[in-house]
Amino acid sequence: MSQNIQQQIQQLRDELREHNYNYYVLDNPIISDYDFDMKLKQLQELEAKHPEFYDANSPSLRVGGEVTKNFKTVVHESRMYSLDNSYSKEDLEDWETRIKKLVDGDVMYTCELKYDGASMNLTYENGTLVKAVTRGDGFQGDNVTANVKTIKSVPLQLRGDYPDKFEIRGEIVLPIDGFLKMNEARIETGEEPYRNPRNTASGSLKLQDSAEVAKRPLECLLYSLKGRHLGVDTQFEGLQKARDWGFKVPSEARLVKSIDEVLEYINYWDEHRHELPYEIDGVVVKVNSFYQQEELGYTAKAPRWAMAYKFKAEQVSTRLNEITYQVGRTGAITPVANLEPVELAGTTVKRASLHNADQIAKLDVREGDEVFVEKGGEIIPKIIAVDFTKRPENSQPTKYITHCPECDIALVRQEGEAQHYCPNYNGCPPQIIGRIQHYISRKAMDIEGLGGETVALLVNAGLISNYSDLYELTVGEVLPLERMAQKSAENLVNGIEASKQIPFERVLYALGIRYVGETVAKKLAKHYKSIDALSNASQDDLVNVDEIGEKIAESVVDFFNSEQNQLIIERLKRFGVQLELSAETLANQTNKLEGETFVVSGVFETVSRTELKKLIEDNGGKVSSSISSKTSFVVAGDKMGPSKRTKAEKLEIPIITEDEFLQKIK
Ligand code: AMP
Ligand code: ZN
């Protein structure tokens, strides 16, 4: 039996590994996401029931969960050098001249893209990943293994004919698509967007909660092997081998015979770099032969056998005509530079973000200035500097606005926040319109027949001032609006009516509470089950809910403290909008364990550990991972940890069996 289970677990692991490889390394999935998730779930359940078959490199660990409070410093076995930079044909030719003085024979070069991310050193022993360390100062870095394991293109188990022990270096990058999606989600929940993919990638590696890292679409692109007995003699072969062992090694690398060919490669990628899914900031040229590399050696800072060629950042200068200020749905103010239109990286640029007051002060940027504009991974281009030589004589420092450009209320800026906010939640038109637009949007109430522009028209015509007003609109009222016909007016009213069927968790998301995105809304809906329970929750209650932090808790409490919001919710309730979980969803849920906190330990007979936790939550209880005085019960299965038992006994916490637990919720 146990032999069987072990085989089953092993087979699932192998299968999932293969699918991961197909999907993330080869970009060529052969099963649906759904089938993948089902297999993963099956594996997780088996692993939960059979902790004796634990494997630190199981594909199930890709979802993260390990929390690192302080990253340990690790000394690199061999130093992670920097690279010398070149910027021109002459620089490269000088480099070749220096090389040819030090080595005999022909020199071949491997040309690679210079990925713009965070460097990473991975150590493998007997085919499994044992350590992932950041570059740090080159001599020592931070151990971020738990986080790196969640990156799907990092193989946890190698394939083929790999050396017993070696290191491999690469760059963790955040592809542009994924970066933009992350920012969309942030903007939706009223958070400031990330500035660029590189900083977001390196910031991600230092997150304490690896489950958070798992949610980010990071990738690891490999470029160099380190170690003895690698069985390869050249850089180019090394890349090929790494690919065979299951690493993601971009296929753009080329082996060339002269600096002229190197330049061809550089020119090609300078022009085509925007076609790549991730950002690069240049090309790295390496002497191909390891033997010649050894002869060349290192300077104090960098290998003599490698050279980075940095692309010129795509930059133009243009006139800043005016600084205007935008007010978002959450009241956040964003200063915008309105530019004299100019061509940059293939598009016409008219506007650039100035981010916030500090950024304006830092750049000392003023209306009328000639400014340098650059396009990186940012959604809109950014101003990197002022051309002070061209500053007009009568120029005055920029005074940041003190009042909302839309409603004229004094702006506020909270301690530690970069952004100014308009606090006029109920009276500021872009906030009012933005909130209703969010309410009707596809992922929220998905109201058919009503679009963002119509919302603005309805608000401006005085027909609605918050989302609850939607439910009183009549065909007769909306008909006079621009471009409205009988049919479209009817569709609009019907669409609004239909939204009364949208389930509670989506309504909760639609309310537009700051920081409450789709996932958080689901969590809260599941936990509190009704808007009434949620609105009565204190900040302390809220932070005790899994994955709800201080920031979200505070925002939720603020939202329900507003009398206006309470009125709106009362109205929604009266109109029949779903403000609690449906009977069907609730059928499997009770409050029998309300107020009780459980710690689960050991292996169980009739239910898996995951199922047990779900049963606790579905019946209103809380699951905690460690025993404290707040624990109500410890549910102990077979092989409960001895230290847990001692702790429970010391704190006099009742230890119950699986059967006793199941009796409780019967
Ligand atoms: P720099 O930080 O400008 O000194 O450049 C050196 C860094 O470039 C290395 O630490 C790597 O993280 C990064 N890099 C990106 N792509 C490559 C590549 N193909 N080969 C070597 N280093 C690379
Ligand atoms: Zn305002």
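**Stop 1: the zinc site**

Select the zinc ion (ligand 2): its four donor atoms subtend angles of 100 to 113°, which makes the arrangement tetrahedral. Four donors count as tetrahedral if all angles lie between 85 and 135 degrees. This is a predicted model, in which local features need pLDDT of at least 70, side-chain atom pairs count only at pLDDT 80 or more, and totals for chains, interfaces and linings use all residues. Residues are numbered from 1 along each chain as its sequence is written, chains are lettered from A and ligands numbered from 1 in the order in which they are written, and side-chain values use heavy atoms, with hydrogens and water left out.

Now show the protein donors. They are the SG atoms of Cys-404, Cys-407, Cys-422 and Cys-428, 2.2 to 2.4 Å from the zinc ion (ligand 2). Donors are N, O and S atoms within 2.8 Å of the metal (3.2 Å for Na, K and Ca); water is not among the atoms, so sites may look incomplete. Along the sequence, the donor residues follow the spacing C-x2-C-x14-C-x5-C.

Pick out Cys-404 and Cys-428. Both lie in the loop between strand 16 (382-386) and helix 12 (429-440), so the pair ties together parts that are 24 residues apart in sequence. Helices (H or I, at least four residues) and strands (E, at least two) are DSSP runs, numbered from the N terminus. Cys-404 and Cys-428 are both buried. Buried means under 20% relative accessible area (1.4 Å probe, protein chains only).

**Stop 2: aromatic rings**

Rings of Phe, Tyr and Trp (its six-membered ring) pair if their centres lie within 6.5 Å; planes under 30 degrees apart count as stacked, over 60 as edge-to-face and the rest as tilted. The count comes to 16 aromatic pairs.

Select Tyr-124 and Phe-247. Their ring centres are 5.2 Å apart and their planes stand at 90°, so the pair is edge-to-face. Tyr-124 is in strand 4 (residues 118-125), and Phe-247 is in the loop between helix 8 (235-244) and strand 9 (254-256), 123 residues apart. Tyr-124 is buried at 0% relative accessibility. Phe-247 is also buried at 0%.

Next, select Phe-598 and Phe-633. The centres are 5.7 Å apart and the planes at 20°, so this pair is stacked. Phe-598 sits in strand 17 (residues 597-601) and Phe-633 in strand 19 (residues 633-636), 35 residues apart.

**Stop 3: a charge over a ring**

Finish at Tyr-194. Arg-186 lies over its face, 4.0 Å from the ring centre. A charge sits over a ring if NZ of Lys or CZ of Arg is within 6 Å of the ring centre and within 35 degrees of the ring normal.

How values were computed
Tetrahedral: all angles 85-135°; square planar, octahedral: opposite > 155°, others 65-115°. Buried < 20%, exposed > 50% of the residue type's maximum accessible area, 1.4 Å probe, protein only.
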